[in-house]
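Let's take a walk through this one together, starting with a strand and ending with some aromatic rings.

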Amino acid sequence: MKPQFWILPLVVGSIPSCTPVAHPTPFKIDVDQGLLDEARTKAKLYRPSVDLLDGTSETWYEGPPASNMTALAKYWAEEYDWLKIQDQLNSNHSHYKATVSAGFGYQEPVPLHFVHEKSTRPNAIPLLLLHGWPSTHMEWLPALDYLTSPDPDDAEAVAFDVIVPDLPGFGFSPAATHEGFGPRQAGAALTNLMQLLGYETFGIISTDAGWWVALWMAADYPDRVVGHFTDFYFAQPNATDIERFGNGQTSDAENDYISTVLAFQNVVGAYMSIQSQGPLKLGQALTDSPVGYAGWIWHHLQFSSDGYHYSFEEVITRTMMLWLPGAYGNLRTYLEWLKPENIDFPKSDVATGVSQWQSINGPFPELALMLNTPAEWIERVSNLTFLVTRPFGGHFPVELHPEIYAQDVQEFFGSLID
Ligand SMILES: *[C@@H]1O[C@H](CO)[C@@H](O)[C@H](O)[C@H]1NC(C)=O
Ligand SMILES: *[C@@H]1O[C@H](CO)[C@@H](O)[C@H](O)[C@H]1NC(C)=O
Ligand SMILES: *[C@@H]1O[C@H](CO)[C@@H](O)[C@H](O)[C@H]1NC(C)=O
Ligand SMILES: *[C@@H]1O[C@H](CO)[C@@H](O)[C@H](O)[C@H]1NC(C)=O
């Protein structure tokens, strides 16, 4: 029996606590061999689609071409080695699991897997790293050493203790079992996790779906969140903006942003609608076909990643991390996250740093300026104190440029403690 206790109500933003929680215990990743065999067998039996004969398929606009998918399935069936990756995950970092309560109406226990690494320096800032979809805690791994162990010659460098969870339904955190686990409930659960680890106050870095959670944490626990750094600020144009845009009254920066958001919706954004409206039917197909799920994810990587050429191993590992727990749980995040009440973020005074990265080298020119959100739009909801824009990096910048990413994070949090 794991020791269980009841979390005391927090001082700030009272979290209703009615489910028992379990203390963090070390966790070893050990995926059932039956699941690995199932994936390999299905990869061997993969039935590809066909490409059009005129080169249309090679543009990737409609999805990954059959030729690329066939090659990926062959690699999965014949060469891919999950156990090698698993050994690296286990030996590279310290993994834990814990169960916390959520609140905001969500009564079920929330079991979480997370990586926890302490800094080499005293007085490090505790930092919660929140990934999105199609990612898991693994997205942050390339940056962890830079954050925990800065250059010993740089006495001024800010250092961090990092806590890197898999959101429920991703990686090794089981999916929510009931309706109503949205970004706010996730934020409450993660605040409870930080409390359980002894961190009363902490910083956050977020991307994608993790940004939703971070914005709610900044709104609900402003005295706990010392700063929020994100590479993703998906501000929505409001009705007045659309009207001004129609009347030609928007600035150049606003025009670029609105056109890019519209292009995103019209060219590739359908996945958001399907994942938010029919996650069960999509999840059934993609859980049954791991290679199919790899194609769904690969297209996403391809259109948003600034032209980086993903290896088969990278695409498959990313897929495994979302297929192993079942596709439904992570796809369904969109249903909860996109509920109107969950995108109506309250204004927060928590200091916010934003790094904006572009996809100039990506295959879809209309998405080159994702996501250059105008500063005034960020300031509608957040207290923007740091903004940097880089003409590269795409939507997974921490994977492609971990050192630059970590430097921005250090600079932002450094500015808060000077
Ligand atoms: C798809 O396959 C073609 C032909 O092998 C190759 O040239 C191309 O780089 C592949 N695309 C990606 C994104 O891997
Ligand atoms: C483990 O660390 C090594 C050395 O830094 C790195 O090459 C490898 O990609 C890491 N593996 C994983 C799964 O993160
Ligand atoms: C849109 O946002 C701007 C800036 O905050 C505000 O002035 C305007 O009233 C908003 N329009 C609507 C319809 O909410
Ligand atoms: C925004 O954050 C900065 C840095 O922490 C702080 O000095 C400032 O007071 C904040 N602004 C508001 C309106 O709280």
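What follows looks at strand pairing and then at ring contacts.

This is a predicted model, so to speak of local features takes pLDDT of at least 70 and side-chain atom pairs count only at pLDDT 80 or more, while totals for chains, interfaces and linings use all residues. Residues are numbered from 1 along each chain as its sequence is written, and side-chain values use heavy atoms, with hydrogens and water left out.

β7 runs parallel to β5 (residues 125-130), joined by four bridges; strands pair if DSSP finds at least two bridges between them. It also pairs in parallel with β8 (residues 225-230), over five bridges, where serine 206 has threonine 230 as its bridge partner.

Now for the rings. Phe, Tyr and Trp (its six-membered ring) pair if their centres lie within 6.5 Å; planes under 30 degrees apart are stacked, over 60 edge-to-face, the rest tilted. That rule gives 33 aromatic pairs. One of them, tryptophan 211 with tyrosine 233, is edge-to-face, at 5.1 Å centre to centre and 70 degrees between the planes. Tryptophan 211 is in helix α6, tyrosine 233 in the loop between β8 and α7, 22 residues apart. Both are buried.

Technical notes:
Chains are lettered from A and ligands numbered from 1 in the order in which they are written. Helices (H or I, at least four residues) and strands (E, at least two) are DSSP runs, numbered from the N terminus. Buried means under 20% relative accessible area, exposed over 50%, partly exposed in between (1.4 Å probe, protein chains only).
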